[in-house]
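Q: I am new to this structure and would like to learn how to read it. Could you walk me through it, one feature at a time?

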Amino acid sequence: MKSISELQKIREKVLSEVNLRQDRQDGIRIVVGMATCGIAAGARPVMQEFISEISKRNLLNVKVIQTGCIGMCRLEPIVEVYVPGQEKVTYVKMTPDKVARIVSEHIVNGKVVDEYTVGAQS
Amino acid sequence: MEFYRSHVLVCGGTGCTSSGSQTLIDEFEKCLKEANLDKEVKVVRTGCFGLCALGPIVIVYPEGAFYSMVKKEDVKEIVDEHLIKGRIVKRLLYHDTVEAGTDNVKSLNQVDFYKKQMRIALRNCGVIDPENIEEYIAMDGYTALAKVLTEMTPEQVIDELKRSGLRGRGGGGFPTGLKWEFAKNAPGDKKYVACNADEGDPGAFMDRSILEGDPHSVIEAMAIAGYTIGADQGYIYIRAEYPIAVKRLRIAIEQAREYGLLGKNIFGTGFNFDLDIRLGAGAFVCGEETALITSIEGHRGEPRPRPPFPAVKGLFGKPTLLNNVETYANITTIINRGADWFASIGTEKSKGTKVFALGGKITNTGLVEIPMGTTLREIVEEIGGGIPNGKKFKAAQTGGPSGGCIPAELIDVPIDYDSLTSIGSMMGSGGLIIMDEDNCMVDIAKFFLEFTVDESCGKCTPCRIGTKRLYELLEKITEGKGTLEDIDRIEKLCLSIKQGSLCGLGQTAPNPVLSTLRYFKDEYIAHVVDKKCPAGVCKALSNYEIIPEKCRGCGICAKNCPVGAISGQVKNPYHIDTEKCIKCGVCMTKCPFKAIVK
């Protein structure tokens, strides 16, 4: 180790990973419905896309969580986004190619992608 | 770095490893691969979570689901339900993490066992993978070393430690800042830093757990110590009976060298420091500082008189700074968060936290770290979850064979160095053994003394012969052959051993006897005068009897008695021949009508 900046670099690189293990309630949660209906409709590639998008952007305060059946099986794959202090947003009929837009507009810039939400699609 | 959406943390401490956590890790990896989840879910082997009684323990993040007593067969269910479908497997959760009457899962910080704890020395145990230096770095690892090397002078480090009020965690409680100052000011061109990881107290395992769960915290602190006192070489003296700790320490030292955090020119500052491990053969006396130093030098581990203290003349005759594992584990946090923060925790003269290995008659056996000043009652009743089987708390033994006991009437005493010393016990390295009404205090004193008799190195007479004679006197009492004069003789002998012994082992060996005599003299007298053991432990003093009114004459006792001491006719009360009886207690456990009493 020749300098402190080297140490800092390693720290930042690994922090995003270890950070998952903190009992923190303040981050954004992306909840993917992964019951039989969700999986059958293709929830897994959607979730994987979220994971790779988040790691690409190195977003520290975002967690991807699975959940069971959300109830509107005909609209699966369903993804719910919880931003602390705001009402939850439900995206329906998700596909992997919709993911990048949600991450950049909603997760990063705070602007809900209206056309993908349950209100617009049902 | 790959991003994993979920981490499965499996405890890899000695306790959970012996209850099979490695097979769980293998099974998790196998099941995850089968489910095609191995790119999404990461399995991490960590250090001790502390709740050893419920091992093996598995925690799944981000949910923070705390699974206890997980078996190999359960792994597939966790993978299928929790990791694929996101449904937490409630039946495997530690019962205290589920809110009573509901299905809500509590955060770990809300659970009784963790609520009152404060983790400084154990901060990374059970959080990071101890075999991966990058995870330690992510938790602010090596930033304290960087800060010290680039921004602080040795005097400032010592001043910071002095202001923090940190005292030695190995048992003595000597102010750490002062010790570092002595070593720094000692004249000499070559100096050494050493770490005492020869944890010998029966029942204490915090040093082992720190080294198993967070070895870099000790390595970093030793490098800071090297810079402060002007040493470029350190030794960690650890017992060979800690194979997991030794292995992780070796990996950690290797990785630190690879990353240039040990070796030459650290952080480009020109500071050189390296570490070596020395294995001890597991002798209790080698935890004494002069014996430890002699043992590192390659000689037989025997103590020598002090002064000169190691800070002046230690390893190979050079000034040496020797601290315990837990003391080192506190250093980096003090540097990072400041002395004022550390000094705000604890009591007036005992700052910070202390790790205790909770054992004996307690529900939550395991490792706990509490702020100084926490009462024994809080540890036993809240963190420890109380005494099992509805028994009553009788006493707690602190400090192992060098310490003493705290009786039930002093349960509200705050735990810190000075209040423990004032009631005739001591902090010791942190073994905390809880006893209930079924423990005989004479027998406990005898047990600890037997340990010191075995472990006495034999160099000085008061310890070698004195402890042996003391043991014989206690043996006489537990066999019912003692007299009141023997009790006086015990008291006198204890004082001679304390005053005459060369090192800490002998000087503290009589403590368990003296403190049980102080608080439980009535039990000694019951053994001597009434020839009775109130707790029913001492075999020679207990007689088994059949209560005729309760006996239905089934004959089960007679069938099970290994020496044929029970006789009688079916459907009539049986009788025990006390001459033949060997007091094994089998009849009492077999009797379906509870008609046999001691």
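Q: How is the size of an interface expressed, and what area is buried between chain B and chain A?

A: The size of an interface is often given as the accessible area lost when the parts come together. In this predicted model, about 3300 Å² is buried between chain B and chain A, and carbon and sulfur atoms give 60% of that area. In terms of residues, 45 of chain B are in contact with 31 of chain A.

Q: How many salt bridges are there between chain B and chain A?

A: First the general idea: side chains of opposite charge can pair when their charged atoms come close. Between chain B and chain A the count is 3 salt bridges. One pair to look up is Arg11(A) with Asp140(B), whose closest N and O atoms are 2.8 Å apart.

Q: Which elements of chain B give two or more residues to the side that touches chain A?

A: There are both strands and helices to find here. The strands are β1 (6-11), β2 (41-46) and β7 (263-266) of chain B, and the helices are α3 (72-85), α5 (133-138) and α6 (143-151) of chain B. Sorted by kind, the residues on this side of chain B are 22 nonpolar, 12 polar and 11 charged.

Q: How many salt bridges does a search of the whole structure find?

A: Over all chains, the search gives 49 salt bridges. An example within chain B joins Arg5(B) and Glu40(B), with the closest N and O atoms 2.8 Å apart. This pair links distant parts of the chain, 35 residues apart: Arg5(B) sits in the segment before β1 of chain B, and Glu40(B) in the loop between α2 and β2 of chain B.

Q: Which strands stand at the edges of the open sheet of 5 strands, and why is one side of each left without a neighbour?

A: This sheet of chain B has the order β7-β8-β6-β5-β9, again with mixed pairing. β7 and β9 of chain B are at the edges; each has a single partner strand, so one side of each has no neighbour in the sheet. From one strand to the next, the twist averages 25°.
For a parallel pair, look at β5 (residues 192-197) of chain B and β9(B), which are joined over 5 bridges. There, Ala194(B) has Leu322(B) as its bridge partner in β9(B). Helix α11 (residues 243-258) of chain B packs on the sheet, touching β6 (233-239) and β8 (271-280) of chain B, and its direction makes about 165° with that of β8(B). Helix α12(B) also packs on the sheet, touching β5, β6, β8 and β9 of chain B, at about 105° to the direction of β6(B).

Q: Where can I find cis peptide bonds, such as the one from Glu76(A) to Pro77(A), and what is phi of Phe316(B)?

A: Most residues other than glycine have a negative phi, and most peptide bonds are trans. The bond from Glu76(A) to Pro77(A) is cis, with omega near -10°, and Pro77(A) lies in the loop between β2 (62-67) and β3 (79-82) of chain A. Another cis bond joins Pro307(B) and Pro308(B), with omega about 5°. Pro308(B) is in the loop between α12 (289-296) and β9 (320-324) of chain B. Phe316(B) is found in the loop between α12 and β9 of chain B, and its phi is positive, near 50°.

Methods:
Residues numbered from 1 in each chain as written. Chains lettered and ligands numbered in written order. Predicted model: local features only at pLDDT ≥ 70, side-chain atom pairs only at ≥ 80, totals over all residues. Heavy atoms only, no water. Contact = heavy atoms within 4.5 Å. Buried area = accessible area lost by both parts, 1.4 Å probe. Salt bridge = Lys/Arg side-chain N within 4 Å of Asp/Glu carboxyl O. Helix = DSSP H or I, 4+ residues; strand = E, 2+ residues; numbered from the N terminus. Nonpolar A, V, L, I, M, F, W, Y, C, P; charged D, E, K, R; others polar. Pairing = 2+ DSSP bridges. Axes fitted to C-alpha atoms, helices over the stretch in contact; angles between N-to-C directions.
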